[in-house]
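Hi,

Here is the structure I promised to pass on.

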Amino acid sequence: PNDTLMLVWETDTGVLPMLTWMAGDSPTTAVADCVPVDSSLTAVRQPRVSSAKDGRFGLVFTSGLDADSTVSSAVFTTGWSDFVQLGNGRYPEIFFGDDSKPHAIWCGDDGLAYWYSGEASQYLETPCISRPQIGLDSNGHIHAIWYSDEVESVLGKTSAENILYEI
């Protein structure tokens, strides 16, 4: 499993095709399977995949229209787990930490949103207008980077600025 690669992409029809292949091999050109997304979900898009050290894969994606899109997540071991709705928003990203537990981050309606392995989503009130990135530093700490067009001073004054945030 640790030598397996996975690719998931969106289509115009709301289907998420997927391919898996062994590292060192060339991927096939034929779609192997599709992510079994609930047919009640509309406009399924923005999929992102990450792998864990234990060979599992995590997937996040959005469904619905931009104004009320929902971020969902699932984990693939030998098949897909049940999908979990993480919250409202767009531009999701997923990452597995050293403990092989998934971390997800996205631009939520109320600012940057963060979710960790089944815990409730947390929101920062900082606006988020592009796909945030999440990763691990050399000390094992999770960091997130995102872009915003607003900044709030320590005195509470908000002003328009192009700014890159990191936590």
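The cysteines first: Cys 107 and Cys 128 are joined by a disulfide, S to S 1.9 Å (a disulfide here is a pair of cysteine sulfur atoms within 2.5 Å). Searching the whole structure turns up one disulfide. The link of Cys 107 and Cys 128 is left-handed, with -45° about the S-S bond. It ties together distant parts of the chain, 21 residues apart: Cys 107 sits in strand β9 (residues 102-108), and Cys 128 lies in the loop between β11 (122-123) and β12 (133-136). Strands are DSSP runs of E, at least two residues, numbered from the N terminus.

Before you go further, this is a predicted model, where local features need pLDDT of at least 70 and side-chain atom pairs count only at pLDDT 80 or more, while totals for chains, interfaces and linings use all residues. Residues are numbered from 1 along each chain as its sequence is written, and side-chain values use heavy atoms, with hydrogens and water left out.

Cys 34 has 32% relative accessibility, so it counts as partly exposed. (Buried means under 20% relative accessible area, exposed over 50%, partly exposed in between, with a 1.4 Å probe and protein chains only.)

Now the strands. Two of them pair if DSSP finds at least two bridges between them. An open sheet is formed by three strands in the order β1-β2-β3, with antiparallel pairing. Its edge strands are β1 (4-8) and β3 (33-34), each pairing on one side only. Strand β2 (residues 17-22) runs antiparallel to β1, and five bridges join them; Leu 7 stands opposite Leu 19 in β2.

Then there are two hairpins to look at:

- β4 (residues 45-51) and β5 (residues 57-63) are an antiparallel pair over five bridges. Arg 48 has Val 60 in β5 as its bridge partner. Five residues lie between these strands in the hairpin, where Gly 55 takes a positive phi near 95°.
- β12 pairs with β13 (residues 142-152) in the antiparallel sense, over four bridges. Leu 136 has Ile 142 in β13 as its bridge partner. This hairpin has five residues between the strands, and Gly 140 takes a positive phi near 85°.

Cheers
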